[in-house]
Amino acid sequence: MTSPLLIQDPARFGRVAVLLGGTSSEREVSLDSGRNVLAALQRRGVDVTAVDGIPALVAALNAPGGGKFDRVFNILHGNRGGGEDGVLQGLLDALGVPYTGSGVLGSALAMDKIRTKQVWLALGLPTPAYVNLQRGEDVVAAARKLGLPVIVKPACEGSSVGITRCFKDADLVAAVELAARYEGSLLVEQLIQGEEYTVGVLGLEALPSIRIVPAGEYYDYHAKYVAEDTQYLCPGHDRGRGAGTCEPYPRGIFCGRLQRLGPSRFHARPCGQAVVARSEHGAGHDQSFAGAEGGTPARDRIRRTRLAGPRNELPRPGGTPMKLPFGRKQRRQATRPEPKWWESLDWSAIGTTAAIVAGCAVVALLLIFALDRPVRRVLLEGTFQRVSPPEIESAVAQVAQGGLASVDLERIRKRVESTDWVDSAVVTRVWPDAIRVVVNEEVAAARWNDAGLLNARGELFIRNARYVPPELPLLEGPEGSESQVAQLYIDAQGRLLESGLRLTGVRLDDRGAWELELADGLQVRLGRQDVKNRLERFIRLASPTVAKRVAEINYVDMRYTNGFSVGWNARSALAVAPQQDATPDA
């Protein structure tokens, strides 16, 4: 068995779309998986972009200039927009875009658990006994036919969605109610208890087995996608090779039967018999683990997946690719005349392949046409205290061009965020004909000069506000110094408040001199040099005295090298004429 090839140059992958999210019941899982895949590829230097859902991918691939992506890393979960049921695979095949995972047939078949089990039984593979339960049929009779315990699940959802283990008749009603929330028939299956393993199949190569050890009772949705203490032991079955090494087994599987069905999970009974429990087009174990990216010190090495090769190539022992099914037949014996080239072609295979490609192309075109409906509604969400819904609707209408599948959501987001008092916006498609815009408004944290407003990040978001709340602190400075002035305010105001002083303003003049203003108009002059140390000295030495007599003081000048001076107002009994021989530093 050959080792996976390594690609040294990430640029050879081209532009890669990580397809995540989608509209299935497993959207949140896909988003989490996608973040992990995206981060791993970015660490390896791959030019990668996250794309949320099939319609957004269609729009990107049909963009002017011949499409935006060279290949797709599919990390969608589930069916009906989840990307595991063959629809996406047919679309990408028709467009000629390479992608990860199984093809059309494997994806569509493996998503339907009942038909998958029928194929397994036809091939003579051991699998738990089951009943195909239609809605309204007697689940108790089905369970008694199989014998308790049983497991109840939707037939066409991800393998961890809507699952219930039933050990007595009383468990069955709730189990059916949970599974019936999802479309399609239900699968009632004999419950097999024992150790659980998963084995991936890449081309004709069986990858190392992984033993799954959940902390809870069994490997449910929580153990797969939420829990941090689920163990994945690799290799799992061949323990004599030592845990922690994940080298491929030194054997291949000549598996025209299995190689298109993706990873499979097995339960090992106590007697040692392995039973095929279910198949997954995309196994859910896609969180990041230490050493999961190869463990090699050469950071620029990238394990080559089937993302880069033609879809009619499969690896052959010895390292050379094996072409299917378009290669010439083997030459005849030398004693016979060499046949003409057209006589050596497998016309049946060519005709079948051409028909499949043409059918996929038609399906893809119909899918694109069906999804690209006119945008008829704009759904708005937000508090709308400073921004009005008509403003947002007008902003969307200015740039929302084309149908729902092709509309540029990024352009809409930027236009909405350019509206006064909008801090950020999230724009998504809502099928069949709406755009949802979630608006987060700015929160004014300080005044800036005459009529500007700053947010909590020190960003000037309005230069000439119609109304400026007078209770906000006043920050002043030259243009472009907003964040610098705001940072000094943030550094000082909390510590001054601990000393009993309230900071109401910070000023930076054109010469670069700093000045603080406290409650009652008291000024603290920090000058241009050593500002942080002077502020620290004021807080540590001067603030205790100032806090007690703030009503008697006009200013505190911290620009002296070895001390500070205090300017008393007329109400103070300590008011004296300023000394003539004391000159502050800059």
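Predicted model: local features only at pLDDT ≥ 70, side-chain atom pairs only at ≥ 80, totals over all residues.
Asn449 sits in the loop that runs between strand S22 (446-448) and strand S23 (452-454). Its phi is positive, about 50°, even though Asn449 is not a glycine.

**Loop residues with a positive phi**

- As background, most residues other than glycine have a negative phi.
- With a relative accessibility of 28%, Asn449 counts as partly exposed, because that value falls between the 20% cut-off for buried and the 50% cut-off for exposed.
- Asp530 is another non-glycine residue with a positive phi, again about 50°.
- You'll find Asp530 in the loop between strand S28 (523-527) and helix H13 (531-548).
- Asp530 has a relative accessibility of 47%, so it counts as partly exposed too.

**Cis peptide bonds**

- Most peptide bonds are trans, so the next two are worth a look.
- Cys234 and Pro235 are joined by a cis peptide bond, with omega at about -5°.
- Pro235 belongs to the loop between strand S13 (231-233) and strand S14 (264-268).
- Trp431 and Pro432 are also linked by a cis peptide bond, and here omega is about 10°.
- Pro432 is in the loop connecting strand S20 (422-430) and strand S21 (434-441).

**Helix H6: one side in, one side out**

- Helix H6 spans residues 139-146, and its residues Val139, Ala142 and Ala143 are buried.
- Those three cover an arc of only 95° around the axis, which means they lie on the same side of H6.
- What do the buried residues of H6 pack against? Their partners are strand S5 (130-133), strand S6 (150-154), helix H7 (172-179) and strand S8 (186-190).

**Helix H6: the two ends**

- At the start of H6, Asp138 uses a side-chain oxygen to reach to within 3.0 Å of the backbone nitrogen of Val140.
- After H6 comes Gly147, which has a positive phi near 95°.

Terms used
Residues numbered from 1 in each chain as written. Heavy atoms only, no water. Buried < 20%, exposed > 50% of the residue type's maximum accessible area, 1.4 Å probe, protein only. Helix = DSSP H or I, 4+ residues; strand = E, 2+ residues; numbered from the N terminus. Arc of directions from axis to C-beta. Contact = heavy atoms within 4.5 Å. Polar contact = N/O pair within 3.5 Å; in protein donor to acceptor, adjacent residues only side chain to side chain.
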